[in-house]
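I opened the model to look up helix packing and salt bridges. My entries are below.

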Amino acid sequence: MEQARTRDLPLPQPYGSARVPAQGRPALQEQARGEHTHSEPPAPRLVQRHSVRGQILDALRTALVDGDLVPGEVYSAPVLGERYGVSATPVREAMQQLVMEGAVEVVPNRGFRVIRRSARELAELAEVRALIEVPVMLRLARTVPADRWRSLRPLAEATAAAAATGDRSSYAETDRAFHRAVLALAGNEQLLAVADDLHRRSQWPLTSAPATRRADLIADAAEHTALLEALLAQDLTVVRSLVREHFAGSDA
């Protein structure tokens with residue numbers, strides 16, 4: 001039986017038509033050894049999606065971005081399964097994916113520990129992202145027609161709308177969608193996969209980092225609009241500067 005710490009994790013808004021039963025099990029009556037008891041959390045919403053593993057993976061990624069899965073803490077698949085109203089199996093499968101992504105590590109007979117990240121790691125991710133994306137965007141600025149850049153404005157506006165709510169996980173999703181759409185114009189699927197993985201890793205907060213302020217998200221989102229304008233104008237100097245600053249100045 002796996003024993004580990006658990007936190008009250010928020011679920012994403014459910015979607016799709018398939019409803020996953022809560023397996024007919026009673027709520028967990030006690031916490032893992034050595035923990036203090038918190039007030040009873042509200043009943044979690046059950047996941048509703050054909051792919052239970054995919055829904056759980058989305059929920060765990062959101063919890064990582066929001067800081068609800070705390071670096072250094074160990075989480076048990078059965079306990080998380082109770083929280084999400086599913087069996088431990090899809091939780092373990094989703095956690096194994098997060099192991100491959102470098103977000104968590106296996107703790108034998110206990111569960112999964114969220115990996116502690118350093119400021120140096122974040123800086124290294126920003127450097128690698130810039131090395132990959134800056135040359136691509138400079139090439140795209142020279143070759144992509146203006147109407148293609150204009151078609152991306154709704155995505156930039158979506159990041160601004162998400163930033164205005166102050167919801168970090170919602171902003172993270174729209175931010176990645178914008179960057180994927182820009183890089184997709186290069187027509188290189190391998191580039192998209194590598195860049196998206198690096199981007200997702202850069203969005204996990206540091207252990208000691210303060211909570212992201214809404215003003216920071218708004219400023220970050222504004223850089224998307226500025227980048228589109230520079231790409232439209234084929235201003236390569238501004239494109240290079242904006243992309244480097246965007247990566248180095250934000251973890252969103």
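**Ground rules.** I am working with a predicted model, where local features need pLDDT of at least 70, side-chain atom pairs count only at pLDDT 80 or more, and totals for chains, interfaces and linings use all residues. Residues are numbered from 1 along each chain as its sequence is written, and side-chain values use heavy atoms, with hydrogens and water left out.

**Entry 1: G54.** I looked up G54 and found it in helix α1, residues 52–66. Helices here are DSSP runs of H or I with at least four residues, strands are runs of E with at least two, and both are numbered from the N terminus. Is G54 buried or exposed? G54 has a relative accessible area of 13%, so it is buried. The cut-offs: buried is under 20% relative accessible area, exposed is over 50%, and partly exposed lies in between (1.4 Å probe, protein chains only).

**Entry 2: α2 and α3.** V91 also turns up in the contact of α2 with α3. I noted an angle of about 115° between α2 (residues 77–84) and α3 (residues 88–100), with the axes 8 Å apart. Axes are lines fitted to C-alpha atoms, for helices over the stretch in contact, and angles run from 0 to 180 degrees between N-to-C directions. The two helices, α2 and α3, are therefore roughly perpendicular. The classes: under 35 degrees is roughly parallel, over 145 roughly antiparallel, 65 to 115 roughly perpendicular, and the rest oblique. The crossing of α2 and α3 is right-handed. A crossing is right-handed if the near helix is turned clockwise from the far one by less than a right angle, and left-handed if anticlockwise. From α2, I listed A77, P78, L80 and G81; they meet A88, V91, R92 and M95 of α3. Contact means heavy atoms within 4.5 Å. These contact residues of α2 and α3 comprise 6 nonpolar, 1 polar and 1 charged.

**Entry 3: α9 and α10.** Next I took α9 (residues 214–232) and α10 (residues 236–248), which pack at about 160° with axes 9 Å apart. That angle makes α9 and α10 roughly antiparallel. Their crossing is left-handed. On the α9 side I found residues including H224, L227 and L231; the α10 side includes V239, L242 and H246.

**Entry 4: salt bridges.** How many salt bridges does the structure hold? I read off 10. A salt bridge is a side-chain nitrogen of Lys or Arg within 4 Å of a carboxyl oxygen of Asp or Glu.

- R61 pairs with E101, with the closest N and O atoms 2.3 Å apart. This pair links distant parts of the chain, with R61 in α1 and E101 in the loop between α3 and β2 (104–107), 40 residues apart. I found both R61 and E101 buried.
- R113 and E105 form a salt bridge at 3.1 Å, N to O. R113 is partly exposed at 27% relative accessibility, and E105 is partly exposed at 34%.
- D196 and R180 form a salt bridge, with the closest N and O atoms 3.1 Å apart. D196 lies in α8 (residues 189–202) and R180 in α7 (residues 168–184), 16 residues apart. D196 is buried at 17%, whereas R180 is partly exposed at 33%. Shared partners join R180, D196 and R200 into one salt-bridge network.

Notes:
Nonpolar A, V, L, I, M, F, W, Y, C, P; charged D, E, K, R; others polar.
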